[in-house]
Amino acid sequence: MKFNTKLIHAGISEDQSTGAVSMPIYRASTYHQKKVGGNPDWEYSRSGNPTRAAVEKLIADLEQGVAGFAFASGSAAIHTVFSLFSAGDHVIVGNDVYGGTFRLINQVLKRFGLTFTTVDMQDLSQVEAAIKDNTVAVYFETPTNPLLKIADINAVASLAKQHGLKTIVDNTFATPYNQNPLVLGADIVVHSATKYLGGHSDLVAGLAVTNDEKLAEQIGFLQNSIGSVLGPDDSWLLQRGIKTLGARMRVHHENAAAIVDVLKNDAHVAKVYYPGDPDFAGYEVAKKQMNHFGAMISFELQSGLDPKQFVEQLQIIDLAESLGGIESLIEIPAVMTHGAIPRDIRLASGIKDELIRLSVGIEDQEDLVEDIQQSLAKL
Ligand SMILES: Cc1ncc(COP(=O)(O)O)c(C=O)c1O
């Protein structure tokens with residue numbers, strides 16, 4: 001099956017008992033057991049729910065793993081995956097990650113005795129230098145949020161494997177449409193499914209997938225023990241969203257390419273960050289490991305121009321946190337999505353106060369271009 005067919009027919013795409021082509025929403029919290037200790041397929045909905053199982057099997061197929069797990073948010077997925085590790089363990093983390101992941105690591109997980117070193121994942125020598133006797137894993141995003149930095153997944157995973165470390169990749173920005181980290185050597189993939197997978201800005205969800213049976217068993221145990229599972233209604237909504245991922249991504253990509261062109265040729269714009277731009281540092285690696293470059297763009301205006309004025313003057317593109325929805329969303333990471341990162345650390349990792357992040361939607365391209373141009377012209 002090819003990818004777009006898989007989106008619609010992989011996983012558990014219809015109800016086994018009725019043939020309904022849309023998986024029903026099973027709201028039951030518990031299931032009638034025929035006898036004591038009979039080991040039934042379904043017993044309690046935290047441990048397993050048919051609607052959730054359908055979307056879990058679907059993401060496992062799309063990421064080419066052996067098992068998928070659905071959570072109440074991307075952060076819940078990341079938290080559960082980090083719960084594989086114990087006090088005293090050390091994890092190497094990319095120095096450009098979503099602000100909420102930075103907060104989870106520094107304000108929650110550190111209190112439980114995990115230790116972390118942040119490095120620029122684009123530089124393999126930095127990754128190697130950070131490995132200690134107690135290092136257990138490498139965790140990173142590629143492309144990163146918000147600088148779109150590209151790490152070579154295969155190179156990092158090979159190095160990690162040599163040292164017995166697990167490789168965990170946040171694939172939120174790329175989606176399985178554009179990139180399959182497990183195929184490139186990673187052990188676990190996580191997603192904020194709130195973004196492109198849900199696709200319509202009407203859902204908060206997270207996913208994790210592994211291609212290792214032992215890790216699958218451990219993550220399943222943690223999912224049930226911690227209990228931050230995705231409910232059946234949201235599982236259904238997520239599966240419905242995923243079915244149109246391919247159709248949406250093709251328009252996201254076309255629009256993003258047109259907007260990059262406009263931004264790169266406008267005198268008000270100082271710098272554009274986009275993995276599909278041949279002038280961008282991560283372009284060659286992105287070309288090697290991604291099917292397409294995605295639709296997230298970051299950029300900086302010329303000094304003296306006010307990014308707040310620019311985003312507030314937009315008429316179609318919404319000023320909002322989040323990304324990956326059908327509607328174009330714009331924000332200023334320093335004061336919005338990455339506000340949880342102290343300024344000095346944020347600046348050191350390259351996220352300037354003036355940086356603007358744009359999630360390109362699937363509106364008509366001409367309208368988006370016109371909106372950007374009218375706002376730039378008023379600066
Ligand atoms: C790359 C990335 N990972 C994880 C998350 C967290 O996901 P959620 O907001 O669904 O908890 C986000 C949220 O923006 C994100 O951008």
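These are my notebook entries on what I looked up in this structure, which is a predicted model.

**Entry 1: the whole chain**

I began with the secondary structure, and I found that the protein comes to 14 helices and 12 strands. I then looked up the radius of gyration, which is 21 Å and close to the 21 Å that the globule rule gives for 379 residues, so the protein is as compact as a globular protein of that length. Taken along the principal axes, the C-alpha atoms fill a box of roughly 75 × 50 × 35 Å. I noted that 55% of the 379 residues count as buried. For the contacts between residues at least 6 apart in sequence, I wrote down that 73% join residues at least 24 apart.

**Entry 2: the sheet**

Next I followed the strands, and I found seven of them in an open sheet with mixed pairing, in the order β1-β7-β6-β5-β4-β2-β3. The edges are held by β1 (67–71) and β3 (115–119), each of which has a single partner strand, so one side of each is left without a neighbour in the sheet. From one strand to the next, the twist averages 20 degrees.

I then turned to β5, which spans residues 166–170 and pairs in the parallel sense with β6, residues 188–192, over three bridges. In this pair I located isoleucine 168, which stands opposite isoleucine 188 of β6. On the packing against the sheet, I noted that helix α3 (residues 74–82) touches β1, β2 (90–94), β3, β4 (135–141), β5, β6 and β7 (206–210), and that the direction of α3 makes about 155 degrees with that of β6.

β5 also runs parallel to β4, to which it is joined by five bridges, and here I found threonine 167 of β5 as the bridge partner of valine 138. I checked the burial of β5 as well, and the strand is mostly covered, with four of its five residues buried.

**Entry 3: the nonpolar cores**

Which residues have the most contacts inside the largest nonpolar core? This core has 81 residues, and I listed Met121, Leu238, Ile259, Ile297, Phe299, Phe310 and Ile330 as those with the most contacts inside it. Helix α10, residues 245–264, gives the most to this core, with seven residues. Both domain 1 (3–243) and domain 2 (246–377) give residues to this core, so it lies between them.

I also noted another core, lying apart from this one, which has 28 residues, among them Phe82, Phe116, Ala137 and Ala216.

I went back to leucine 238 and looked up its contacts, leaving aside neighbours within four places in sequence, and I found Val55, Ala193, Leu197, Gly198, Leu203, Ala205, Leu207 and Leu230.

**Entry 4: leucine 368**

Is leucine 368 buried or exposed? I placed this residue in helix α14, residues 365–377, and its relative accessibility is 0%, so leucine 368 counts as buried. Not counting residues up to four places away in sequence, leucine 368 touches Asn255, Ile259, Ile316, Ile317, Ser328, Val360, Gly361 and Glu363. Of these, Ile259 is one of the residues I had already listed for the most contacts inside the largest nonpolar core. For a separation, I took leucine 368 and glycine 199, which are 169 residues apart in sequence and 18 Å apart in space, C-alpha to C-alpha.

**Entry 5: the backbone in the loops**

I then looked up cis peptide bonds, and I found one that joins threonine 142 and proline 143, where omega is about -5 degrees. The bond from asparagine 145 to proline 146 is also cis, with omega near 10 degrees. I placed proline 143 in the loop between β4 and α6 (153–162), and the place of proline 146 is likewise in the loop between β4 and α6.

Asparagine 39 has a phi of about 55 degrees and is found in the loop between α1 (3–9) and α2 (50–62). With a relative accessible area of 69%, asparagine 39 is exposed. Serine 201 has a positive phi near 55 degrees, and I placed serine 201 in the loop between β6 and β7. At 42% relative accessibility, serine 201 counts as partly exposed.

Technical notes:
Residues numbered from 1 in each chain as written. Predicted model: local features only at pLDDT ≥ 70, side-chain atom pairs only at ≥ 80, totals over all residues. Heavy atoms only, no water. Pairing = 2+ DSSP bridges. Helix = DSSP H or I, 4+ residues; strand = E, 2+ residues; numbered from the N terminus. Axes fitted to C-alpha atoms, helices over the stretch in contact; angles between N-to-C directions. Contact = heavy atoms within 4.5 Å. Core = buried A, V, L, I, M, F, W, Y, C linked by side-chain atoms within 4.5 Å. Buried < 20%, exposed > 50% of the residue type's maximum accessible area, 1.4 Å probe, protein only. Domains from an automatic or database assignment. Rg over C-alpha atoms; globule rule 2.2 N^0.38 Å.
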